[in-house]
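Please keep the picture at hand as you read.

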Amino acid sequence: MTDARVPTITFLGKPGCHLCEEAEPVVREVAARHSAELSVLSILDDAALQQRYGELIPVVLIDGEQHSQWFVEAERLDAAVAAAAARR
């Protein structure tokens, strides 16, 4: 059950993507710090995601809104998740 008070972070990537391998631990750490809901998805498992994001991965969404692509900066993501939590 999703807690309406915490943001939802969605990480989109795919196996073998070196940028995804670098970004995912950062996203996991920020999500844990904020007790955010985290969903990690491979674009290879969803044709619509693959068509939309293709070579833009990794992509991070916060509450369904795109936050970043290609690179994830921990401080920027941390601030965005904190701001999303404050809006709730």
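## Ground rules

Buried means under 20% relative accessible area, exposed means over 50%, and partly exposed lies in between, with a 1.4 Å probe and protein chains only. This is a predicted model, in which local features need pLDDT of at least 70 and side-chain atom pairs count only at pLDDT 80 or more, while totals for chains, interfaces and linings use all residues. Residues are numbered from 1 along each chain as its sequence is written, and side-chain values use heavy atoms, with hydrogens and water left out.

## The disulfide

How many disulfides does a search of the whole structure find? There is one, where a disulfide is a pair of cysteine sulfur atoms within 2.5 Å. Cys17 and Cys20 are its two partners, with an S to S distance of 2.5 Å. Both Cys17 and Cys20 are buried. The torsion about their S-S bond is about 75 degrees, so this disulfide is right-handed.

## Strands side by side

Helices (H or I, at least four residues) and strands (E, at least two) are DSSP runs, numbered from the N terminus. Two strands pair if DSSP finds at least two bridges between them. Strands β1 and β3 run antiparallel and are joined by four bridges, with Phe11 standing opposite Val60 in β3.

On to the next neighbor: β3 is also joined to β4 (residues 65-69) by four bridges, again antiparallel. Here Val59 has Gln69 in β4 as its bridge partner. The two strands form a hairpin with two residues between them, and Asp63 in the turn has a positive phi of about 50 degrees.

## The nonpolar core

A nonpolar core is a set of buried Ala, Val, Leu, Ile, Met, Phe, Trp, Tyr and Cys residues joined through side-chain atoms within 4.5 Å. The largest one here has 24 residues, and those touching the most other members are Ile9, Leu12, Val27, Tyr53, Ile57, Val60 and Leu77. At least two core residues come from each of β1, α1 (18-33), α2 (47-53), β3 (59-62) and α3 (74-86). The largest share, six residues, is supplied by α1.

## Two residues up close

Contact means heavy atoms within 4.5 Å. Leaving aside residues up to four places away in sequence, Tyr53 touches Leu12, Val59, Leu61 and Gln66.

Thr10 sits in β1 (residues 8-13) and is buried, with a relative accessible area of 14%.
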